[in-house]
Amino acid sequence: MTELPAMTDEGGTARFRIRLERPDGVFSFDAAADEYLLYAMRDAGIDSPYICEQGWCIACAARLLAGEVDRSGALTVYAEDVEAGFVLLCSTKPRSDLVLSQDERQTRRDMMQHRLEHNLLARAYPPDARVRFRRGRATARIDTRDDHSS
């Protein structure tokens, strides 16, 4: 099977189609390869819980059902989380079209239980976390809409 090339935006950045399955419905949105999934969701009008925006607190936990992602923006990434299919939307970028599932409460509980069972609860920021500290979007968002209302 031949993989179709990703869509690109005006700047030439690859964009991927994301399918999000939740108890309140199934949502689809596009996400740029250089943007964290949480912000692409919010831009599409889809709410998700979040707190730290650093891949630390697990408030924005989801499960990856299909596709490839880049988790390198998270302060904590455990191989066991990857194997179990957990992603943190605030610090995960798409590398292909994705299928995600998220129950805003249950997925977080499942990830917390998973980390407890694998002794993966971090009690302090990882070494040099303050050097990599970031909050928010991966890239600045530029509003290209013309506003001639003045």
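Arginine 115 is buried, with a relative accessible area of 5%, in a model that is predicted. This arginine is found in helix H3, and, when its neighbours within four places in sequence are left aside, the residues in contact with arginine 115 are Trp56, Ile58, Thr76, Tyr78, Asp81, Leu120 and Leu121.

Helix H3, which spans residues 106–117, has 12 residues and reaches 16 Å from its first C-alpha to its last, close to the 16 Å expected at 1.5 Å a residue. Besides Arg115, the buried residues of H3 are Thr107, Met111 and His114. These four residues lie on the same side of H3, because they cover an arc of only 95° around the axis of the helix. The elements against which the buried residues of H3 pack are strand E4 (61–66), helix H2 (79–84) and strand E6.

One cavity of 30 Å³ or more is counted in the model, and the volume of the largest cavity is about 70 Å³. Its lining is made up of 13 residues, of which Arg71, Thr76, Val77, Phe86 and Leu88 lie nearest the centre of the cavity. Two elements, strand E6 (86–88) and helix H3, each give two or more residues to this lining, and E6 gives the most, with three residues. By class, the lining of the largest cavity holds seven nonpolar, three polar and three charged residues. Thr76, one of the residues nearest the centre of the cavity, is also among the residues in contact with arginine 115.

Two residues stand out for their backbone geometry. Most residues other than glycine have a negative phi. Isoleucine 58, by contrast, has a phi near 65°, a positive value in a residue other than glycine, and asparagine 119 has a positive phi of about 55° although it is not a glycine. Isoleucine 58 lies in the loop between helix H1 (37–43) and strand E4, whereas asparagine 119 is placed in the segment after H3.

Conventions. Residues numbered from 1 in each chain as written. Predicted model: local features only at pLDDT ≥ 70, side-chain atom pairs only at ≥ 80, totals over all residues. Heavy atoms only, no water. 1 Å grid on protein atoms, 1.4 Å probe; cavity = no way out; pocket = protein on both sides within 12 Å on 5 of 7 lines; lining within 4 Å. Points joined across faces, edges and corners; volume = space filled by probe spheres on them. Nonpolar A, V, L, I, M, F, W, Y, C, P; charged D, E, K, R; others polar. Expected span 1.5 Å × (residues − 1). Buried < 20%, exposed > 50% of the residue type's maximum accessible area, 1.4 Å probe, protein only. Arc of directions from axis to C-beta. Contact = heavy atoms within 4.5 Å.
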